[in-house]
Amino acid sequence: MLDLSSVQMITSAGLGLLVQLTARANSQGARFVLTSPSPFVQGVLQITRLIRFFEIHPSRADAMSAVNA
């Protein structure tokens with residue numbers, strides 16, 4: 001789980017790292033969950049259409065509930 005609540009901006013390098021981490025988790029049968037993205041980060045993920053590649057939850061509590069379910 002990666003809490004993005006303090007991340008206000010993201011670059012292409014940051015996006016690439018998130019993609020790598022997600023792909024690595026998927027290849028190992030694990031889940032990589034993003035929580036609390038700022039409106040800017042959420043917008044970048046939508047514009048780049050990467051939003052469907054990530055599991056995103058609005059809060060850590062929501063993510064924990066989803067992961068533990």
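User: Is G14 buried or exposed, or does it fall in between?
Analyst: Burial is read from relative accessible area: buried means under 20%, exposed over 50%, and partly exposed in between, with a 1.4 Å probe and protein chains only. G14 has 22% relative accessibility, so it counts as partly exposed. The residue is found in helix 1. Helices here are DSSP runs of H or I with at least four residues, strands are runs of E with at least two, and both are numbered from the N terminus. This is a predicted model: local features need pLDDT of at least 70, side-chain atom pairs count only at pLDDT 80 or more, and totals for chains, interfaces and linings use all residues. Residues are numbered from 1 along each chain as its sequence is written, and side-chain values use heavy atoms, with hydrogens and water left out.

User: How far apart are G14 and F53 in sequence and in space?
Analyst: The two are 39 residues apart in sequence, and their C-alpha atoms are 15 Å apart. Another pair is A61 and I10, which are 51 residues apart along the chain with C-alpha atoms separated by 23 Å. A61 lies in helix 3, residues 60-68, and at 51% relative accessibility it counts as exposed.

User: What pattern do the helices and strands follow along the sequence?
Analyst: The protein has three helices and three strands, and they follow the pattern β-α-β-α-β-α. The radius of gyration is 12 Å, close to the 11 Å that the globule rule gives for 69 residues, so the protein is as compact as a globular protein of that length. That radius is taken over C-alpha atoms, and the globule rule is 2.2 Å times the number of residues to the power 0.38. The C-alpha atoms fill a box of roughly 30 × 25 × 20 Å along the principal axes.

User: In what order do the strands of the sheet stand, and with what pairing?
Analyst: Two strands pair if DSSP finds at least two bridges between them. Here three strands form an open sheet in the order 1-2-3, with parallel pairing. Strand 1 (2-3) and strand 3 (55-57) stand at the edges with a single partner strand each, so one side of each is left without a neighbour in the sheet. Strand 1 pairs with strand 2 (residues 33-35) in the parallel sense over two bridges. L2 stands opposite L34 in strand 2.

User: Which residues make up the largest nonpolar core?
Analyst: In soluble globular proteins, nonpolar side chains tend to be buried together. A nonpolar core is a set of buried Ala, Val, Leu, Ile, Met, Phe, Trp, Tyr and Cys residues joined through side-chain atoms within 4.5 Å. The largest such core has 11 residues: L4, I10, L15, L18, A25, F32, L34, V41, V44, L45 and F54. Helix 1 (12-27) and helix 2 (39-47) each supply at least two residues of this core. Of the 69 residues of the protein, 29% count as buried.

User: Which residues does L15 touch?
Analyst: Contact means heavy atoms within 4.5 Å. Not counting residues up to four places away in sequence, L15 touches I10, V44, L45, T48 and L50. With the same exclusion of residues up to four places away, T22 touches F32, F53 and F54. T22 lies in helix 1 and counts as buried at 2% relative accessibility.

User: How is the pair of rings of F53 and F54 described?
Analyst: A pair of aromatic rings is described by the distance of the centres and the angle of the planes. Rings of Phe, Tyr and Trp (its six-membered ring) pair if their centres lie within 6.5 Å; planes under 30 degrees apart count as stacked, over 60 as edge-to-face and the rest as tilted. The count by this rule comes to one aromatic pair. The rings of F53 and F54 have centres 5.4 Å apart and planes at 75 degrees, so the pair is edge-to-face. F53 counts as partly exposed at 35% relative accessibility, and F54 counts as buried at 8%.

User: Where does S36 lie, and what is its phi?
Analyst: S36 lies in the loop between strand 2 and helix 2. Its phi is positive, about 55 degrees, although S36 is not a glycine. S36 is buried, with a relative accessible area of 16%. R49, also not a glycine, has a positive phi of about 65 degrees. R49 is found in the loop between helix 2 and strand 3 and is exposed, with a relative accessible area of 60%.
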